[in-house]
Amino acid sequence: MRTWATCRRAELRPSGYTLLELLVVLAVMGMVAAIAAPPIARQVEAWRAETVFRDASRQMERLPAAARRAGQGLLLDGPKRWPTTLGPWPEGLSVIEPILVEPNGYCRGGRITVSVLGRTREARVAAPFCRVETDGDAP
């Protein structure tokens with residue numbers, strides 16, 4: 001027969017985790033975060049740099065249409081000659097060789113660099129559509 005003392009002892013058994021167990025789990029999570037955070041941060045920077053490059057490439061590909069709309073040729077050699085209809089000058093963009101776009105939209109090509117977060121990519125702006133090609137993209 002159970003007595004009041006034995007029943008009470010079973011009911012008073014602690015439930016949950018001890019402070020020491022919680023601290024060990026937090027320490028392990030901290031170590032995993034310290035190991036994983038730098039590669040994740042580098043990957044995010046790489047994605048951001050790639051996005052900036054793609055945005056600049058899309059803006060270059062819009063140059064022929066801007067020249068046709070304006071009815072005059074474009075000589076792009078820096079931010080001062082950027083068509084205002086295309087929005088602001090793309091972030092990190094530098095023109096190495098001037099890009100000439102005829103009034104009919106024919107692009108004579110040129111070279112650009114895009115620099116962001118310490119990463120620099122050089123590319124060729126190919127005729128006739130101002131398509132941006134890196135060395136790995138060329139056929």
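Biologist: What is the relative accessibility of Arg-124, and how does that residue count?

Modeller: Arg-124 has a relative accessibility of 36% and counts as partly exposed. On this scale, buried means under 20% relative accessible area and exposed means over 50%, with partly exposed in between (1.4 Å probe, protein chains only). This is a predicted model, in which local features need pLDDT of at least 70 and side-chain atom pairs count only at pLDDT 80 or more, while totals for chains, interfaces and linings use all residues. Residues are numbered from 1 along each chain as its sequence is written, and side-chain values use heavy atoms, with hydrogens and water left out.

Biologist: With which residue does Arg-124 form a salt bridge?

Modeller: The partner is Glu-133, and the closest N and O atoms are 2.4 Å apart. A salt bridge here is a side-chain nitrogen of Lys or Arg within 4 Å of a carboxyl oxygen of Asp or Glu. Glu-133 is buried, at a relative accessible area of 7%.

Biologist: How many salt bridges does the structure hold?

Modeller: It holds nine. One of them joins the side chains of Glu-102 and Arg-108, at 2.8 Å from N to O.

Biologist: Turning to the sheet, in what order do the strands lie?

Modeller: Four strands form an open sheet in the order β2-β4-β5-β6, with antiparallel pairing. Two strands pair if DSSP finds at least two bridges between them. Helices (H or I, at least four residues) and strands (E, at least two) are DSSP runs, numbered from the N terminus.

Biologist: Which are the edge strands?

Modeller: The edges are β2 (93-97) and β6 (131-133), each of which pairs on one side only. On average, neighbouring strands of this sheet are turned by 35 degrees against each other, direction ignored.

Biologist: Which helix packs on the sheet?

Modeller: Helix α2, residues 19-61, packs there and touches β2, β4 (110-116), β5 and β6. Contact means heavy atoms within 4.5 Å. The direction of α2 makes about 25 degrees with that of β5. Axes are lines fitted to C-alpha atoms, for helices over the stretch in contact, and angles run from 0 to 180 degrees between N-to-C directions.

Biologist: Over how many bridges do β4 and β5 pair?

Modeller: They pair over seven bridges, in the antiparallel sense. Gly-110 has Val-125 in β5 as its bridge partner. The two strands form a hairpin with two residues between them, and Leu-117 in the turn has a positive phi of about 55 degrees.

Biologist: And over how many bridges do β5 and β6 pair?

Modeller: Strand β5 (residues 119-126) and β6 pair over three bridges, also antiparallel. Glu-133 in β6 is the bridge partner of Arg-124, and these two residues also form the salt bridge described above. The β5-β6 hairpin has four residues between its strands, and Cys-130 in the turn has a positive phi of about 60 degrees.

Biologist: With which residue does Cys-130 form a disulfide?

Modeller: Its partner is Cys-107, with the sulfur atoms 2.1 Å apart; a disulfide is a pair of cysteine sulfur atoms within 2.5 Å. The torsion about the S-S bond is about 95 degrees, so this disulfide is right-handed. Cys-107 lies in the loop between β3 (99-101) and β4, and Cys-130 in the loop between β5 and β6, so the pair ties together parts that are 23 residues apart in sequence. Cys-107 is buried at 0% relative accessibility, and Cys-130 is likewise buried at 0%.

Biologist: A change of topic: what does the side chain of Gln-59 reach?

Modeller: It reaches the backbone oxygen of Leu-86 at 2.9 Å. This is a polar contact, meaning a pair of N or O atoms within 3.5 Å; within protein, one must be able to donate a hydrogen and the other to accept it, and residues adjacent in sequence count only if both atoms are side-chain atoms. Gln-59 is in helix α2 and is buried, with a relative accessible area of 13%.
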